[in-house]
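Reader: I'd like to go through the labels in this model one by one and hear what stands behind each. Could you set the values against the cut-offs for me?

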Amino acid sequence: MRYHFHIAEDGRFIEDDEGQEFSSEIQVRDEAVEACLSIAKDAFTRGSARSVEIDVRRENISVLKVVISLTIED
């Protein structure tokens, strides 16, 4: 099945028009978590975002959402 990984960083939205094929929902979950971790690491290090979200959709229906947020207290 084809899954689309839509990304949001602090209100900025990146739509996945192409999607990717996966044979199991475990693979989808693993890919979503890895992608979100990678994007969050870059965004948090650059200081360009405090929250990263990936909304995984199949046939335009949300099947999984991964959200990583950063809070810094001085």
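Reader: Which backbone nitrogen lies 3.4 Å from a polar atom of the side chain of His4?

Author: That would be the backbone nitrogen of Gly19, 3.4 Å away from a polar atom of the His4 side chain. Before we go on: this is a predicted model, in which local features need pLDDT of at least 70 and side-chain atom pairs count only at pLDDT 80 or more, while totals for chains, interfaces and linings use all residues. Residues are numbered from 1 along each chain as its sequence is written, and side-chain values use heavy atoms, with hydrogens and water left out.

Reader: What makes the approach of His4 to the backbone oxygen of Asp16 a polar contact?

Author: The backbone oxygen of Asp16 and a polar atom of the His4 side chain are 2.9 Å apart. The term covers a pair of N or O atoms within 3.5 Å; within protein, one must be able to donate a hydrogen and the other to accept it, and residues adjacent in sequence count only if both atoms are side-chain atoms. At 2.9 Å, the pair is therefore within the limit.

Reader: Where is the place of His4, and which residues is His4 in contact with, leaving aside its neighbours within four places in sequence?

Author: His4 sits in strand S1; strands here are DSSP runs of E with at least two residues, helices are runs of H or I with at least four, and both are numbered from the N terminus. Contact is a matter of heavy atoms within 4.5 Å. With neighbours up to four places away set aside, His4 meets Asp16, Asp17, Glu18, Gly19, Asp55, Val56 and Arg57.

Reader: What links Tyr3, Phe5 and Phe22 into a cluster?

Author: Ring pairs do. As for accessibility, Tyr3 is buried at 3% and Phe22 is buried at 12%. Phe5 is buried as well.

Reader: What is the side-chain pairing of Glu25 and Arg58 called, at 3.0 Å, N to O?

Author: A salt bridge, one that joins the two side chains at 3.0 Å. The term asks for a side-chain nitrogen of Lys or Arg within 4 Å of a carboxyl oxygen of Asp or Glu, so the pair qualifies. The 3.0 Å approach between the side chains of Arg58 and Glu25 is a polar contact too. Glu25 lies in helix H1 and Arg58 in strand S4, so the pair ties together parts 33 residues apart in sequence. Glu25 is partly exposed at 49%, and Arg58 is partly exposed at 22%.

Reader: How many salt bridges does the structure hold?

Author: Six. Among them is Glu9 with Arg12, whose closest N and O atoms are 3.0 Å apart. Glu9 is buried at 8%, whereas Arg12 is partly exposed at 46%. Another of them is Glu53 with Lys65, at 3.6 Å. This pair links Glu53 in strand S4 to Lys65 in strand S5, twelve residues apart.

Reader: In what sense do S4 and strand S5 pair, and over how many bridges?

Author: S4 and S5 (residues 61–69) pair in the antiparallel sense over eight bridges. Arg58 has Ile61 as its bridge partner in S5. The two strands form a hairpin with two residues between them, and Glu59 in the turn has a positive phi of about 50 degrees.

Key: Buried < 20%, exposed > 50% of the residue type's maximum accessible area, 1.4 Å probe, protein only. Phe/Tyr/Trp six-rings, centres within 6.5 Å; stacked < 30°, edge-to-face > 60°. Pairing = 2+ DSSP bridges.
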